[in-house]
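This briefing goes through the structure shown below, topic by topic. Please read it with the coordinates open.

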Amino acid sequence: MLEIRNLHAKVGNTEILRGIDLTVHAGEVHAVMGPNGSGKSTLAHVLAGRESYEVTAGEVIYEGKDLLKMPPEERAREGVFLAFQYPVEIPGVSTTYFLKAGVNAIRKHRGLEELDAIDFLAMVKEKMKLVEMDQALINRPLNEGFSGGEKKRNEIFQMGVLDPKLAILDETDSGLDIDALKIVANGVNAFRSPARAMLVITHYQRLLNYIIPDYVHVIFDGRIVKSGGKALALELEEKGYDWLKAEVEVAQPTIA
Amino acid sequence: MVVTSSKELDTYLSDFELFEKNGATKGPSWIHQIRKAAISRFSELGFPTTRLEEWKYTNVAPIAKTRFKRAECEVNGLMAEALARATLGESACAQLVFVNGHFSRELSSLRSLPEGVKAGSLAAAWGSDPASIEPHLARHASYHDHAFVALNTAFMKDGAFVYVPKGQVVELPIHLLFFSTAPVGLAHERPGTAVVSYPRNLIVADDGSQAMIVESYVGVGTNVYLTNTVTEIVGGKNAVIDYYKLQRESEEAFHIATVQAHLDRSSNFSSHSIDLGGALVRNDLNATLDGEGIECTLDGLYMVTGRQHVDNHTRIDHVKPHCSSRELYKGLLDGKSRGVFNGKIYVHKAAQKTDAKQTNKNLLLSEGATINTKPQLEIYADDVKCTHGSTIGQLDQNAVFYLRSRGLDLATARNLLTYAFASEMVGRIKVEPVRAQIENLLVTRLQHGSRAEDTP
């Protein structure tokens with residue numbers, strides 16, 4: 001579904017991604033871990049099409065198409081979804097209003113009929129259960145005055161409504177208490193299917209107790225330095241990132 | 001820089017003589033005295049130049065240079081449609097319609113005014129009911145230091161008079177609707193076809209009364225004309241006044257407006273000023289809080305594009321203690337438009353415990369748009385709480401990306417965020433049909449904006 005080859009990206013003059021290679025198949029859940037500043041979030045934003053990051057080398061093939069050529073809205077319509085680490089507050093626009101515009105743009109792109117208000121609300125009600133969203137919350141201006149947990153739940157709720165093929169969760173667990181974390185994880189698990197793939201970006205192993213990944217990758221200094229199964233996450237939790245740093249530094253000459 | 005030549009002033013002075021000859025003297029002599037004093041003051045003041053601090057960013061030379069003819073009451077073919085779009089229909093208890101400043105009895109409707117409430121032509125009232133008018137007219141809006149108020153006062157002929165008696169509550173809005181129907185044809189192609197009207201309004205809400213007043217200015221067709229309007233609002237003790245001014249003049253029009261509110265103890269005044277039209281627009285909104293415990297709210301929204309210029313000057317005078325004022329003006333500027341905001345809060349020495357907050361927020365939607373914003377506090381009391389601030393920004397790129405990542409295209413995302421910025425002000429409009437009208441105009445304007453943007 002997704003093939004990232006030798007991806008380099010920079011912000012301003014700082015190179016942040018320095019050769020990412022990653023292949024994700026439908027039905028798989030990949031966890032991407034790494035210390036602060038390693039490039040995890042940059043990877044997520046580059047995949048979603050953020051223009052402030054400049055891709056300097058490499059390619060990303062999504063469903064056989066060149067993802068990097070598409071503007072962000074086209075990626076969304078093709079089925080790429082990013083759950084933001086810091087969802088944006090937009091006073092004056094309700095979640096339902098903006099989501100209906102999104103859903104119908106995506107449906108139109110896929111050759112489906114646009115949903116009318118009644119069908120849309122019926123679908124929304126169904127998806128609200130996914131993350132125990134409150135009706136009052138989605139009628140309110142988008143994320144305005146939401147708690148951290150409510151914002152993250154809103155992201156997963158939107159994922160449910162927009163029905164993507166590739167979901168990228170950017171530190172969806174950060175700042176959540178255990179109850180909120182469980183709700184979010186349940187929502188994500190309910191969404192797993194053989195047709196979908198997920199990239200779960202996280203700093204902590206904790207989330208992976210609830211969302212069990214098929215693969216775990218560790219990003220360090222803009223590269224994936226280690227890949228493995230779910231046991232790798234536990235190892236990282238136990239030893240921290242420092243042992244890996246040491247290992248990478250020793251191996252650096254051969255990688256370079 | 002504007003230098004008013006004596007020739008430009010002479011035009012007005014000789015027009016005033018003509019105005020007096022042709023029946024202006026028929027009015028009561030006290031009106032005549034006020035007019036004479038006002039024209040004499042105008043001849044001393046001349047048109048303001050950009051050398052004056054209050055007019056630094058608004059150059060009225062195009063007005064000074066244009067030869068305006070006083071407008072006749074011309075009901076043209078476009079009126080019916082314009083009326084249908086601007087009317088508040090059944091939602092208003094009275095709708096007074098003025099065409100080029102002249103009261104039109106046929107187009108107006110007075111449905112169900114509560115006991116003792118008066119709403120009608122000011123000219124009729126100063127003849128028949130001088131006791132209600134004389135204590136207020138030209139007592140609040142000073143023509144001594146504002147040339148356009150002086151001109152309006154000199155040439156005032158008609159406008160609206162609204163009186164709400166003691167304790168009376170008018171639940172439905174009273175709509176004052178001013179149409180400008182200047183003869184078709186651009187003034188620079190046919191010199192002498194530009195017209196001017198001088199609407200003059202007086203709104204008096206007696207002690208303990210309550211009223212909603214909606215003042216609309218609508219241009220019919222696309223012509224050069226000047227609306228120079230003055231509204232005086234008098235709020236008695238405990239009076240509640242909700243005032244709306246909707247400016248939708250045609251795109252070639254000049255609109256100069258002064259609203260002066262004088263408020264007594266424990267009254268509550270809220271103003272909503274909305275500017276969408278006009279080529280050159282200047283609003284002066286002044287509120288004098290002349291009693292204790294007054295609450296004053298000034299809301300404003302201006303949305304301009306092309307080469308429009310809109311200037312909002314507000315002044316709140318905290319004269320007595322324990323009053324609070326809240327001011328929020330928001331501006332959306334696109335194209336090569338230019339906005340000016342100058343908000344002054346003046347806290348007099350006696351006005352202890354004043355609680356004043358003033359904010360001006362602007363969104364610049366294009367590189368060519370400009371805003372000059374200047375919040376001002378002048379405080380002569382020592383126990384007060386006053387804050388002010390202004391912001392100028394572009395659309396938040398994070399938010400644009402967020403919306404696009406959900407499938408919305410760039411234009412839709414921008415429009416939605418622009419709408420969101422303005423919607424706070426729209427949401428504060430309490431008169432439902434006014435809110436609906438403004439919302440529709442906003443949405444239409446945004447859709448046009450996005451189309452214009454696609455063509456570089």
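Which residues in H1(B) meet which residues in H2(B)? In this predicted model, Leu9(B), Tyr12(B), Leu13(B) and Phe16(B) of H1(B) are the ones that meet Ile39(B), Phe42(B) and Ser43(B) of H2(B). The points below begin with that helix pair and then turn to the sheet, the core and the contact between the chains.

**The helix pair**

- Two packed helices are described by the angle between their axes and the distance between the axes.
- For helix H1 (residues 6–21) and helix H2 (residues 29–45) of chain B, the axes come within 10 Å and cross at roughly 170°, which makes H1(B) roughly antiparallel to H2(B), since angles over 145 degrees count as such.
- By residue class, the contact of H1(B) with H2(B) divides into six nonpolar residues, one polar and no charged.

**The sheet of chain B**

- Chain B holds an open sheet of 10 strands with mixed pairing, in the order E3-E2-E6-E9-E11-E13-E15-E17-E19-E21.
- Strand E3 (102–110) and strand E21 (385–393) of chain B stand at the edges and have a single partner strand each, so one side of each lacks a neighbour in the sheet.
- From one strand to the next, the twist averages 10°.
- Within this order, strand E11 (residues 240–248) and strand E13 (residues 268–275) of chain B run parallel and are joined by eight bridges, with Val240(B) standing opposite Asn268(B) in E13(B).
- H9(B) packs on the sheet, where H9(B) touches strand E15 (295–304), strand E17 (324–333) and strand E19 (355–364) of chain B, and the direction of H9(B) makes about 155° with that of E17(B).

**The nonpolar core**

- The largest nonpolar core has 205 residues, and those with the most contacts inside it are Ile168(A), Ile174(B) and Ile213(B).
- H9(B) gives the most to this core, with eight residues.
- When neighbours within four places in sequence are left aside, Ile174(B) is in contact with Ala92(B), Cys93(B), Ala94(B), Ala119(B), Val162(B), Ala211(B), Met212(B) and Ile213(B).

**The contact between the chains**

- The contact draws 20 residues from chain A and 19 residues from chain B.
- On the side of chain B that touches chain A, the elements giving two or more residues are helix H8 (397–404) and helix H9 (410–427) of chain B, and H9(B) gives the most, with eight residues.
- The residues on this side of chain B divide into 10 nonpolar, five polar and four charged.

Conventions. Residues are numbered from 1 along each chain as its sequence is written. Chains are lettered from A and ligands numbered from 1 in the order in which they are written. This is a predicted model: local features need pLDDT of at least 70, side-chain atom pairs count only at pLDDT 80 or more; totals for chains, interfaces and linings use all residues. Two residues are in contact if their C-beta atoms, placed from the backbone, lie within 7 Å. Helices (H or I, at least four residues) and strands (E, at least two) are DSSP runs, numbered from the N terminus. Ala, Val, Leu, Ile, Met, Phe, Trp, Tyr, Cys and Pro count as nonpolar, Asp, Glu, Lys and Arg as charged, and the others, Gly among them, as polar. Two strands pair if DSSP finds at least two bridges between them. Axes are lines fitted to C-alpha atoms, for helices over the stretch in contact, and angles run from 0 to 180 degrees between N-to-C directions. Angles under 35 degrees count as roughly parallel, over 145 as roughly antiparallel, 65 to 115 as roughly perpendicular and the rest as oblique. A nonpolar core is a set of buried Ala, Val, Leu, Ile, Met, Phe, Trp, Tyr and Cys residues joined through C-beta atoms within 7 Å. A residue is buried if 20 or more other C-beta atoms lie within 10 Å of its own, exposed if 12 or fewer, and partly exposed in between; C-beta atoms are placed from the backbone.
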